Amino acid sequence: MLQQLVNGLILGSVYALLALGYTMVYGIIKLINFAHGDLYMMGAFIGYYLINQFKMNFFIALILTMLITAALGVLIEFLAYRPLRQSTRIAALITAIGVSFFLEYGMVYLFGANTRAFPQALETVKYNVGPISITNVQLTILGVSLLLMILLQFIVKKTKMGKAMRAVSVDSDAAELMGINVNSTISFTFALGSALAGAAGVLIGLYYNSIDPLMGMTPGIKAFVAAVLGGIGIIPGAAIGGFVIGLLETFSVSFGLSSYRDAVVYAVLIIILLVKPAGIFGKNVKEKV
């Protein structure tokens, strides 16, 4: 049980990074960005080429991947979502699904659908602590994920741009009247979420040692489930939701339900939403019509 707890926390930390991107974008412009999982896939491929072709140090490749995926997220927001900001939510949602398929099958066309082995950028060292076995790779994944979550919380709570993000989240029209550049704030939010997704892609490539162009589909949906579970639009809730989903998936496998681990995740989501529709940390707010 202790071993599965450790494995679940490590997997959950990656889901948490992905879920944070979903929840930030939804909190700012009420858009469920279904292309977010594919930015995670793009991050994995960018990291793969930086490490494999350019022989970069893992941590330098990780930072560079985050910068490239941040720029890609801003480009997607500018080209695909900004023109539809005043349109219906369903139009933006369909566009997000279209962007997702474009990224997935664009990568299949350019690089093929075959699975690639992610380079082992860190030499694996195993540590045994009582009944628990853990590697330096797992510790790196958990440490980097927690550090990025702390940095995100600092940016949102302590910086001028973070204050602007919170203002736009509450009322974008009032924020604009107060002199906040709403377009820049939304672009920064996409950049931040996309950078976290890119980092998650590199970390999961290191963890599972394999990547493919369709790898972002299932984790993307699970990260969305994590965001809803914690309370979509709430940053700490998304992080907690990610860890819960990771633990559920790992314990499902340990109980012999590996074929049904996805079903277990969605079943728990349905139960929680029946009991608390706003999610664990969400509050039921009446919406004026």
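This briefing covers the salt bridges, surface patches, strand pairing and backbone geometry of the structure above. The model is predicted. The surface carries a patch of positive charge and a nonpolar patch of about 500 Å² of accessible area. Strands β2 and β3 run antiparallel.

**Salt bridges around Glu 77**

- Glu 77 is paired with Arg 82 in a salt bridge, with 3.1 Å between the closest N and O atoms.
- Glu 77 also meets the side chain of Arg 85 in a salt bridge, at 2.5 Å from N to O.
- Glu 77 has a relative accessible area of 1% and therefore counts as buried, the cut-off for this class being under 20%.
- Arg 82 is partly exposed, its relative accessible area being 24%.
- Arg 85 is likewise assigned to the partly exposed class, at 26% relative accessibility.
- As a general point, side chains of opposite charge can pair when their charged atoms come close.

- Arg 261 and Glu 249 form a salt bridge in which the closest N and O atoms are 3.5 Å apart.
- Because Arg 261 belongs to helix α11 (residues 261-275) and Glu 249 to helix α10 (residues 235-254), this pair ties together parts that are 12 residues apart in sequence.
- Arg 261 is partly exposed at 31% relative accessibility, whereas Glu 249 is buried at 6%.

**The positive surface patch**

- Lys 157, Lys 158, Lys 163 and Arg 166 gather on the surface in a patch of positive charge.
- Helices α5 (136-158) and α6 (160-170) each contribute at least two residues to the positive patch.
- Arg 166, one of the patch residues, is located in helix α6.
- Arg 166 has a relative accessibility of 33%, so this residue counts as partly exposed; membership of a patch requires over 30% relative accessible area.

**The nonpolar surface patch**

- Ile 97, Phe 101, Tyr 105, Leu 214, Met 217 and Ile 221 make up a nonpolar patch on the surface, and together they have about 500 Å² of accessible area.
- Helices α4 (89-111) and α9 (217-230) each supply at least two residues of the nonpolar patch.
- The greatest contribution to the nonpolar patch is that of α4, with 3 residues.
- Ile 97, one of the patch residues, is placed in helix α4 and is partly exposed, with a relative accessible area of 35%.

**Phe 102 in helix α4**

- Phe 102 also lies in helix α4.
- Phe 102 is exposed, with a relative accessible area of 64%; the exposed class begins at values over 50%.
- The C-alpha atoms of Phe 102 and Ala 35 are separated by 9.1 Å, although the two residues are 67 residues apart along the chain.

- Strand β2 (residues 126-129) is joined to strand β3 (residues 132-135) by 4 bridges, and the two strands run antiparallel.
- Lys 126 stands opposite Thr 135 of β3.
- Tyr 127 has Ile 134 as its bridge partner in β3.
- The hairpin of β2 and β3 has 2 residues between the strands, and Gly 130 adopts a positive phi near 65 degrees there.
- As a general point, in a regular strand the side chains alternate between the two faces of the sheet.

- Lys 30 is situated in the loop between α1 (2-29) and α2 (36-52), and Lys 30 is partly exposed, with a relative accessible area of 32%.
- Asn 209, another residue other than glycine, has a positive phi near 65 degrees.
- Asn 209 is situated in the loop between α8 (182-208) and β4 (210-211), and Asn 209 counts as partly exposed at 34% relative accessibility.

Terms used. Residues numbered from 1 in each chain as written. Predicted model: local features only at pLDDT ≥ 70, side-chain atom pairs only at ≥ 80, totals over all residues. Heavy atoms only, no water. Patch = residues over 30% accessible without salt bridge, like charges linked within 9 Å, V, L, I, M, F, W, Y side chains within 5 Å. Areas by Shrake-Rupley, 256 points an atom, 1.4 Å probe, with all protein chains shown as cover. Salt bridge = Lys/Arg side-chain N within 4 Å of Asp/Glu carboxyl O. Lys, Arg positive; Asp, Glu negative; His and termini not counted. Charge placed at Lys NZ, Arg CZ, Asp CG, Glu CD. Buried < 20%, exposed > 50% of the residue type's maximum accessible area, 1.4 Å probe, protein only. Pairing = 2+ DSSP bridges.
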